[in-house]
Amino acid sequence: MLKKRITSLYVQLCELKSYVQLNKTGFSKVLKKFDKILDKELKAVYMRTHVDTAYPFKDKTKRVVEDNIAKMEAAYADIVTGGDAELAKKDLRSHLREHVVWERNTVWRDLIGIERRAEAARLGQSLLGQDQSVAPKRLQGDDGDLPARKQFRTPLGRLSLPVWLASGFMLTLLASIAIFFALLFVPILAAPEQQNCLALLVFVSILWATETIPLFVTSLLIPFLSVILRVVREEDPGKPRVRLDSPEATHAIFASMWTPVIMLLLGGFTLAAALSKCTIDKRLATLVLSKAGTQPKTVLIANMAVAAFASMLISNVAAPVLCYSIIEPMLRTLPSDSNMSKAVIIGIALASNIGGMLSPIASPQNVVAMGIMQPEPTWLQWFFIVIPVGVVSILLLWLLLLVSFQPGKGTTIAPIRPVKESFTGVQWFVSVITVVTIALWCASHQMEGVFGDMGVIAIMPVVLFFGIGILTKEDFNNFPWTIIILAAGGLSLGKAVRSSGLLHLLAEMVSYKVQDMSKYGVLFVFSVLILVIATFISHTVAALIFLPLVYDVGAAMDQPHPNLLVMGGVLMCSAAMGLPTSGFPNMTAIMKEDAAGQRYLRVQHFISRGVPGSIITLIVVMTLGYGIMEVAGLD
C-alpha cells in the first residue's frame, strides 16, 4: 500500500512539473506570435515582468517541486529497492509511462498515433521530401524556414528545384499518371468503358502499392474517376447494358460505397471502443495471463492466445497495443537483450496477425471478403473454418519461437496479478450488449427475416453506447475513419470493375490459363500469389485488388467454387507477416522500446521468424483449412 501511494504521489508531482513547463512554453509561443504579427518586441519584457515573477514559474517553486520528487525517489529506494537510487528512479519512471498509457489515453488514441507512425514507416518520405516520423513539427509562432532545394547540373546551367519536387515519390506519382494516360489512349480493349476501367484499376493499384499518396486519398479518387471516365454500365437484367451518363453513374457509385459492410465495420469499432474505455479488455487479458504462471514457454503461449483472442474481438490493430501494455511490468524485470523479451513481443505480433482472420470483424480484409462472397457465410461457418486453422497455426508458431529463441534459458518471469475489483454496472452493461450483438451476428442468417443483414444488427451497439453516453463524440471522432474510407473506396472499385465488364473479361482470361488445373491447384496458385503480394503491401489493399478477381475466377470454373477461393485468399492476406511493415501488429512490435529507448527487435528477427511463419500458415490453410472448407460445404 505504501509503495502504491509513493508511486501515485510521484506521478502527480511529475505531472504538475510538466504542467508548469507546458504553460510557460505556451506563454512564450503566444508572445512570439504576437510580436511577429504586430512587429513588436514585447516578449522579453513581458516574460521577465509578468510570467517569470508569477508563483508557478519562480525558480523557488520549481525547486520545491523537484525536491518533493527527489523525496519520493528516496522513499521508494528505502522501501522498495533496498537503497538502490538508480533502480528506484528507473522503476518510478516506468510507472509514470504506464500511467500515461492507461490513465490519460484510450487505446484508440494510441491506435491513431501508431497508424501515423506506421504510415511514416511505410512511406519513408512524404511528397515534401521529409521523413515525417522525425521531421520537426512547426508550431504557431515558429519562424518559417525556406523549403529545402536540390541542385542539378544541366547543359544550360545549374537547375534548382524544391526537394519535394525532386523526390522519388514525386517521380513515382508522375510515372503513375503517365501510365494512367497511356492506358487510356493506347487501344487494348474493344469496349471503351473496359479500357477506361483498366486504366483506373492499374492507376489506383500502383498508388495503393507504392503509397505515394495516403491510401484513403487514393480510395476517394475511385468514385471521381469512375464518374468522369464513365466506366459504369447498366446492371439491371431487364435493361440493355449501356454506359450510364454522369448523373446516373454518380448515384450508382455512391450507393455502392455505403453498404451493410460499412455499418458492420462501424459496429465492430464501437464494440472495441466500449470494451477499451471500460477496461474490460484489459481485465480479461490480465485474468488469463495471471493463470499462465512463470514458466517462459507457458507465458509465451498464453500471451499469444490473449493477443489472438483480443484481435478476434477488437481488431488486430488495437489488440497489440493492449497486449504490449499488459506485459510491460514483465518486460521491466527482464534484460533488454533477453530472448524471452524478443520472443513474447514478436509472438504477440504473429498471433495478432493470425487473430486477424478469426472473426469477420477482426480486420478490414475480412469485411471486404464478406461483402464479396455470395451468399455471405454465417459467423458460425466462419468460426467453424477459421478457429481450427488459427489454433493450429498459433501452436506451430509457438514451437517455431521456442526453437529459434529458446526463451527458457536463464529467464525468470515475474507473475502478472489480475485486477481484483468487481465489475461495475457499466462494465456489466457493455459486456452484455457485446455478447448479445455477437450472438445475433452468429445467428444473422437464421434471423434474416427480422434484421435483413448483419449491418442492421451493428446499429444496436452504436445507438446504445453513444445514446446512453458510455461513448462520446470524441470517441466517435477517434474511430479509424481512414479504414472506413479505404473500405468504401474498395467497394466502389468493385462496382466499377464489375459493372464495366472488365472483371468478367479478366476472369475469363485467368480461367483460360488455369482451366486445366484442379480446384485445389487454383486455390494454391492464388494463395501463394496473395501471400507474396500482401507481405509487401497493405493486407487490406491486397484483398481489395485480388479478392474480386478470385471470386469471378471461381464463378467461371466448370464446377464453381468462388466462396472457397475467396476464403482461402483472405486467410492468406492475414498470414502475410514476413516483414516489419507487413500489417499493423508487426509495425507495433518493431517500434516497441525498452526503458532506455532501445528497440527490442530488428528487421532480421521478422525475416527469420515471420517468413517461416507465413509458410507454416500457408501449409495449414492448404491442408487443414481446405479440408474443413470442403466439409463445411463452402462453394
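Predicted model: local features only at pLDDT ≥ 70, side-chain atom pairs only at ≥ 80, totals over all residues.

Colleague: How many salt bridges does a search of the whole structure find?
Modeller: Side chains of opposite charge can pair when their charged atoms come close. With a search of the whole structure, the number of salt bridges found is six.

Colleague: Which helices does the salt bridge of Lys17 and Glu66 link?
Modeller: The closest N and O atoms of Lys17 and Glu66 are 3.6 Å apart, and the two residues form a salt bridge. They are 49 residues apart, so this is a link between distant parts of the chain. Lys17 belongs to residues 2-38 and Glu66 to residues 59-79, that is, to helix H1 and helix H3.

Colleague: Is Glu66 buried, partly exposed or exposed?
Modeller: Buried needs under 20% relative accessible area and exposed needs over 50%. Glu66 has a relative accessible area of 31%, so the class is partly exposed.

Colleague: How far apart in sequence are the parts tied together by Lys24 and Asp52?
Modeller: The side chains of Lys24 and Asp52 meet in a salt bridge at 3.5 Å, N to O. Lys24 lies in helix H1, while Asp52 lies in the loop between helix H2 (43-51) and H3, so the parts tied together are apart in sequence by 28 residues.

Colleague: What is the relative accessible area of Lys24?
Modeller: Asp52 is partly exposed, with a relative accessible area of 32%. Lys24 is partly exposed as well, and its relative accessible area is 32%.

Colleague: Where in the chain is Arg233, which pairs with Glu193?
Modeller: Glu193 and Arg233 form a salt bridge with their closest N and O atoms 3.2 Å apart. Glu193 is in helix H7 (residues 192-210), and its partner is 40 residues apart from it. Arg233 is in the loop between helix H8 (215-228) and helix H9 (246-257).

Colleague: Are Glu193 and Arg233 buried or exposed?
Modeller: The cut-off for a buried residue is under 20% relative accessible area. Both Glu193 and Arg233 are classed as buried.

Colleague: Which residue joins Glu193 and Arg233 in a network of salt bridges?
Modeller: Glu193 and Arg233 form a salt bridge. The network that holds these two also includes Arg243.

Colleague: Is the ring pair of Phe479 and Trp481 stacked, tilted or edge-to-face?
Modeller: The structure holds 13 aromatic pairs. In the pair of Phe479 and Trp481, the ring centres are 6.2 Å apart and the planes lie at 40°. Stacked needs planes under 30 degrees apart and edge-to-face needs over 60. At 40°, therefore, the pair is tilted.

Colleague: Which helices hold Tyr520 and Tyr626?
Modeller: Tyr520 and Tyr626 form an edge-to-face aromatic pair, at 4.9 Å centre to centre and 85° between the planes. They are 106 residues apart in sequence, so the pair ties together parts in residues 519-536 and residues 603-631, namely helix H24 and helix H28.

Colleague: Is Tyr626 buried or exposed?
Modeller: Tyr520 counts as partly exposed at 34% relative accessibility. Tyr626 has a relative accessible area of 15%, and the cut-off for buried is under 20%. Tyr626 is therefore buried.

Colleague: What is the distance of Arg609 from the ring centre of Phe405?
Modeller: Arg609 lies over the face of Phe405. The distance from the ring centre is 3.9 Å.

Colleague: Which residues form the nonpolar surface patch that includes Leu174?
Modeller: Leu174 is found in helix H6 (residues 168-185). It counts as partly exposed because its relative accessibility is 47%. The patch has about 520 Å² of accessible area together, and its residues are Leu171, Leu174, Ile177, Phe181 and Phe185.

Colleague: What span does H8 reach from its first C-alpha to its last?
Modeller: H8 has 14 residues, and 20 Å is expected at 1.5 Å a residue. Close to that value, H8 reaches 21 Å.

Colleague: What is the separation of the C-alpha atoms of Ser614 and Gly578?
Modeller: Ser614 is found in helix H28 and counts as buried at 5% relative accessibility. Ser614 and Gly578 are 36 residues apart along the chain, and their C-alpha atoms are separated by 6.6 Å.

Notes:
Residues numbered from 1 in each chain as written. Heavy atoms only, no water. Patch = residues over 30% accessible without salt bridge, like charges linked within 9 Å, V, L, I, M, F, W, Y side chains within 5 Å. Areas by Shrake-Rupley, 256 points an atom, 1.4 Å probe, with all protein chains shown as cover. Salt bridge = Lys/Arg side-chain N within 4 Å of Asp/Glu carboxyl O. Helix = DSSP H or I, 4+ residues; strand = E, 2+ residues; numbered from the N terminus. Buried < 20%, exposed > 50% of the residue type's maximum accessible area, 1.4 Å probe, protein only. Phe/Tyr/Trp six-rings, centres within 6.5 Å; stacked < 30°, edge-to-face > 60°. Lys NZ or Arg CZ within 6 Å of the ring centre and 35° of its normal. Expected span 1.5 Å × (residues − 1).
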